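User: I want to go through one model and test each label against its cut-off. Please keep the answers brief.

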Amino acid sequence: MKLHSETYDSYKNAEGEWSETIPSEWQEKRVKDLFRLVTDAAPADNDYELLSLYAGIGVKPRKDLEARGNKASTTDGYWIVRKNDIVVNKLLAWMGSVGLSEYDGVTSPAYDVLRQVSKDIDPRYFAYLFRTETAKKIFRKYSRGIMDMRLRLYFDKLGAITVPYPSSTEQKNIADYIDKKVTLIDKKINTLSKKVILYKKLRATNIDEIALSGLGKDTPLKPIDDDAIGKIPSHWKVLRLKEVANIQNSNVDKKSHDHEKTVKLCNYVDVYKNDFINSSLEFMQATANDSEIAKFQIFKGDVFITKDSETCEDIAVPALATETLEGVLCGYHLAQIRCNKKIILGEYLFRLFQSQRFGERFTVFAKGITRVGLGQSAVADALTPIPPLEEQLEIINKIRCSTELTDKAIVNLSRQIEKLKELRIAVVNDAITGKIRLKNTTKRGGAA
């Protein structure tokens with residue numbers, strides 16, 4: 001089967017919020033008219049495959065993820081999932097945590113399981129629709145809760161949302177087209193991402209050798225009470241991080257309120273994607289009260305780490321503020337660390353978090369099932385090597401030189417990945433909202 005694309009003959013104003021117009025021949029229906037909420041509880045002695053859901057990788061067997069620290073003590077009361085069910089994480093639907101299951105199994109009651117009400121529905125089409133950027137905005141709008149970490153999208157709200165409804169043939173054509181295009185794009189992204197991981201591991205190993213071993217090869221070493229770090233130069237101090245820095249978890253969310261002042265936010269993605277936080281970045285606009293502005297203002301030398309994520313590997317990813325940013329605040333899902341500059345320099349601490357022995361141990365402390373989080377005490381009580389200030393400066397300069405090439409490679413690969421992700425979004429959006437029409441050009445009785 002081959003598909004080619006063109007535009008539809010005519011369009012009409014859409015009733016729903018997915019796009020301003022949809023093809024004239026399409027219908028619009030409520031989610032609850034297309035899918036029913038399944039609440040079939042698994043028996044306590046079941047042997048079903050235990051499934052989990054992540055925004056980046058979809059619905060997967062939990063056994064494939066247990067190395068990341070995601071283990072369930074029991075599946076009693078879990079929901080039964082069938083192949084082609086759509087699984088929705090009520091807590092994180094607004095962040096794209098929706099996936100189509102390719103497996104029969106069971107999943108946590110924290111998730112909603114949606115099953116098509118007729119064979120004329122292709123759940124692949126709707127699974128793609130529910131993971132678009134537009135879907136995230138709509139799901140956030142209809143989620144209930146006071147702040148981001150408390151938002152939940154219940155089925156009474158999700159079911160009432162109106163969605164585009166192409167014919168069953170068009171749903172299949174669109175889903176087939178997106179499957180093919182996305183598979184090719186994801187393959188390229190995966191290849192580049194593996195290269196980024198290798199470069200980051202190389203960098204982390206390199207930083208280890210400098211940041212934790214000192215500058216002299218013959219320097220006497222001493223063990224510390226942390227097996228992950230091992231030995232450090234004997235003349236260095238070892239203190240808990242809370243003794244040399246102020247650590248605070250931000251509670252500034254993305255919502256805007258009329259009674260608050262306009263600010264810009266340095267968010268999770270800004271830290272996750274950038275080693276250095278400065279005025280060259282485009283920060284989102286939000287609002288905050290006077291107390292939040294005073295508390296979470298960003299100053300040069302501040303270190304930020306990701307404290308909440310879907311996987312342990314994304315915990316404690318650091319970034320360094322290289323300048324003071326007036327009017328920019330540290331946003332939610334981040335910990336902001338401000339060093340006592342008389343004892344430890346922000347850039348040295350940033351490099352410690354980038355190292356394998358110091359930084360990666362925080363993945364062990366991350367806890368959770370549907371989402372993992374790093375408690376403030378795990379950061380505050382972390383044993384931290386403290387070289388003399390002059391030696392910290394020498395270490396910083398040496399790391400800058402030694403990581404220059406790997407940093408450039410990581411930046412270059414990351415830019416390529418971002419362009420591919422933008423292409424992926426465009427491919428899905430154009431097909432899913434009817435901006436292009438996909439036709440089956442296969443001729444009966446012969447090749448196309």
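User: What volume does the second largest pocket have?

Analyst: The second largest pocket has a volume of about 280 Å³. Volume here is the space filled by probe spheres set on the grid points, with points joined across faces, edges and corners. A pocket is an open set of points on a 1 Å grid over the protein atoms alone, with protein on both sides within 12 Å along at least five of seven lines; a cavity is a set where a 1.4 Å probe fits but cannot get out. This is a predicted model: local features need pLDDT of at least 70 and side-chain atom pairs count only at pLDDT 80 or more, while totals for chains, interfaces and linings use all residues. Residues are numbered from 1 along each chain as its sequence is written, and side-chain values use heavy atoms, with hydrogens and water left out.

User: What makes a residue part of the lining, and which are the closest to the centre of the second largest pocket?

Analyst: A lining residue has an atom within 4 Å of a point. The second largest pocket has 18 of them, and the closest to its centre are Lys300, Gly301, Leu320, Gly346 and Glu347.

User: Which elements give two or more residues to that lining?

Analyst: They are β24, β26, α8 (346–354) and α12 (389–402). The largest share, 4 residues, comes from α12. Helices (H or I, at least four residues) and strands (E, at least two) are DSSP runs, numbered from the N terminus.

User: How do the lining residues of the second largest pocket divide into nonpolar, polar and charged?

Analyst: There are 8 nonpolar, 4 polar and 6 charged residues. Ala, Val, Leu, Ile, Met, Phe, Trp, Tyr, Cys and Pro count as nonpolar, Asp, Glu, Lys and Arg as charged, and the others, Gly among them, as polar.

User: What makes β22 and β24 a pair?

Analyst: Two strands pair if DSSP finds at least two bridges between them. β22 (residues 303–306) and β24 (residues 318–321) have 3 bridges, in the antiparallel sense. They meet the cut-off.

User: In what order do the strands of the open sheet stand?

Analyst: The order of the 5 strands is β17-β26-β22-β24-β19, with mixed pairing. β17 and β26 pair antiparallel over 5 bridges; in β26, Ala335 is the bridge partner of Asn249. β26 (residues 334–339) and β22 also run antiparallel, joined by 4 bridges. There, Phe304 stands opposite Gln336 and Thr306 opposite Leu334. β19 and β24 run parallel, with 2 bridges, and Ile277 has Ala321 as its bridge partner in β24.

User: Why are β17 and β19 said to stand at the edges?

Analyst: β17 (245–249) and β19 (276–277) each have a single partner strand, so one side of each is left without a neighbour in the sheet.

User: Why is β26 called largely enclosed?

Analyst: Of its 6 residues, 5 are buried, so β26 is largely enclosed by the rest of the structure. Buried means under 20% relative accessible area, exposed over 50%, partly exposed in between (1.4 Å probe, protein chains only). In β22, Val303 and Ile305 point one way and Phe304 and Thr306 the other, and all are buried.

User: Why is the pair of Phe35 and Phe126 called edge-to-face?

Analyst: Rings of Phe, Tyr and Trp (its six-membered ring) pair if their centres lie within 6.5 Å; planes under 30 degrees apart count as stacked, over 60 as edge-to-face and the rest as tilted. The structure holds 13 aromatic pairs. In this one the centres are 5.5 Å apart and the planes at 80°, so the pair is edge-to-face. It links distant parts of the chain: Phe35 lies in β5 (residues 35–38) and Phe126 in α1 (residues 123–129), 91 residues apart. Phe35 is buried at 1% relative accessibility, and Phe126 is buried at 0%.
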